[in-house]
Amino acid sequence: MERYSEYKDSGVKWLGEIPSHWNCIRLKNVFSKRTTGSWGEEENHSQKNAECLRIADFDYNKLRFQKKEEYTIRSYASKEVENKKLVKGDLLIEKSGGGDKTPVGRCVVFDLDIHDAMYANFMEKLSPRNDIDSFYICYLLSCFYSYGMVWPYVKATTGIQNLDITSLLSKEYVYIPPRAEQDAIVRYLDAATSKIDKAIAMQQKMIDLLNERKQIIIQNAVTKGLDENVEMKDSGVEWIGMIPKHWKIIRIKHLAKLQSGSNLTSNEISDTGSYPVYGGNGLRGFYGSYNCEGSYVLIGRQGALCGNINYAEDKFWATEHAVVCYPKKKYNTLWFGEVLRLMDLGQYSLASAQPGLAVERIKGLYMPYPSIEEQNKIALFLKQNIGKIDLYARHCQRQITLLQERKQIIINEVVTGKVKVS
């Protein structure tokens, strides 16, 4: 690709050289206005109802909001809506929330056809100056984010990350090309990233098809067995349907004792250690001691993925957010875990700000129960067949990761002037 004819030292280590005609500007001066978000009140008829965008509505891969038929409705005073409402071209930056792998500071452009759109209090609106292309600056901030430049401005003293936007905007500088060049860069990146997004979508579609195939294989194996000619009977349980005539139906509580693990603080869990630590969403890290020994199925008890299934063996620590299944009767661990996975236990979570599994209700659920010999055969069959599907799905996921990395590299090279677009 073409390069610019002249470069100068930006004076910024991560940025390096930039085109000599690009202007240095303090980040805060890119924007004409900053406005904090508001969560408003429950929908009511005494105030103005408006659609309120949340961080969960970010489509960060496309630097825009997701397009939905409905968004969250909240109520506001009419004056507040007039002062805060979004107009196309406004940027929204995440200032609270985040996580270890996705720190706060992500940014998207508002380009939806929503009248009087509002935005929640975990984000802030940044309105670019008239001579700044909204998508250009969003691409630039995406580059800024990818280099980890927001980390010095993130505070997490309460366990929730908070971005000091004032310090970020005041202390950091960016280099801006003329408006015509900004527009050319946006056109180029929109086209280039769109092609990559389509390739990513194709890989994701393949993963979805593989998961569907996997689900069918598991369902047929654990509810109908491996003998296609076996005589069947009605299980009397809606989700199970017909089962082999010689199989039994059993409640989970008669097959296993479900017991939560023990609490560990996040400070006690490290990246290395003698024993793995499992929480509600799987492996969390390592710890110097263990509270379980053996081969067990774990059910996520707390969090967004409550009801998910994991396996743990040998010596490990189960936290209070993981439910350990201790056998009361002999069963194949893999068979048992895949039956539980098929049951979609997450549907029995209790509605709250932090979803939690209704363990007592789960204990009373019915499941099919073949002999241990058949369980072993089913488990072996699943290992052989699911393993191939999982291997291909991991390959597809790896391709997605590489495409996402390539996409970010292209953005970074263009918005920092390492290559010239026409």
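**Group meeting: salt bridges and the core**

Okay, let's start with Lys95: its relative accessibility is 17%, so Lys95 counts as buried, the cut-off being under 20%. Keep in mind that this is a predicted model.

So what does Lys95 pair with? Lys95 forms a salt bridge with Glu124, and the closest N and O atoms are 3.8 Å apart. Glu124 sits in strand β13, while Lys95 is in the loop between β9 (91–94) and β10 (96–97), so this pair ties together parts that are 29 residues apart in sequence.

Glu124 also has a salt bridge to Arg34, with the closest N and O atoms at 2.5 Å. That one links distant parts of the chain, with Arg34 in strand β4 (residues 31–36) and Glu124 in β13 (residues 123–128), 90 residues apart. Glu124 is buried, at 4% relative accessibility, whereas Arg34 is partly exposed at 39%.

Next up, Asp131 and Arg129. They form a salt bridge too, the closest N and O atoms being 2.6 Å apart. Asp131 is partly exposed at 38%, and Arg129 is partly exposed at 29%.

There's also a salt-bridge network made of Lys48, Glu82, Lys85 and Asp116. Across the whole structure, the search finds 19 salt bridges.

Now for the nonpolar side. The largest core has 109 residues, and Trp335, Phe336 and Leu340 have the most contacts inside it. Helix α4 (residues 179–224) gives the largest share of this core, 12 residues. And if you click on Trp335, you'll find it touching, among others, Val222, Leu255, Met367 and Tyr369. A second, separate core has nine residues, including Leu298 and Phe316.

Key:
Residues are numbered from 1 along each chain as its sequence is written. This is a predicted model: local features need pLDDT of at least 70, side-chain atom pairs count only at pLDDT 80 or more; totals for chains, interfaces and linings use all residues. Side-chain values use heavy atoms; hydrogens and water are left out. A nonpolar core is a set of buried Ala, Val, Leu, Ile, Met, Phe, Trp, Tyr and Cys residues joined through side-chain atoms within 4.5 Å. Buried means under 20% relative accessible area, exposed over 50%, partly exposed in between (1.4 Å probe, protein chains only). Helices (H or I, at least four residues) and strands (E, at least two) are DSSP runs, numbered from the N terminus. Contact means heavy atoms within 4.5 Å. A salt bridge is a side-chain nitrogen of Lys or Arg within 4 Å of a carboxyl oxygen of Asp or Glu. Lists of a residue's contacts leave out its neighbours within four places in sequence.
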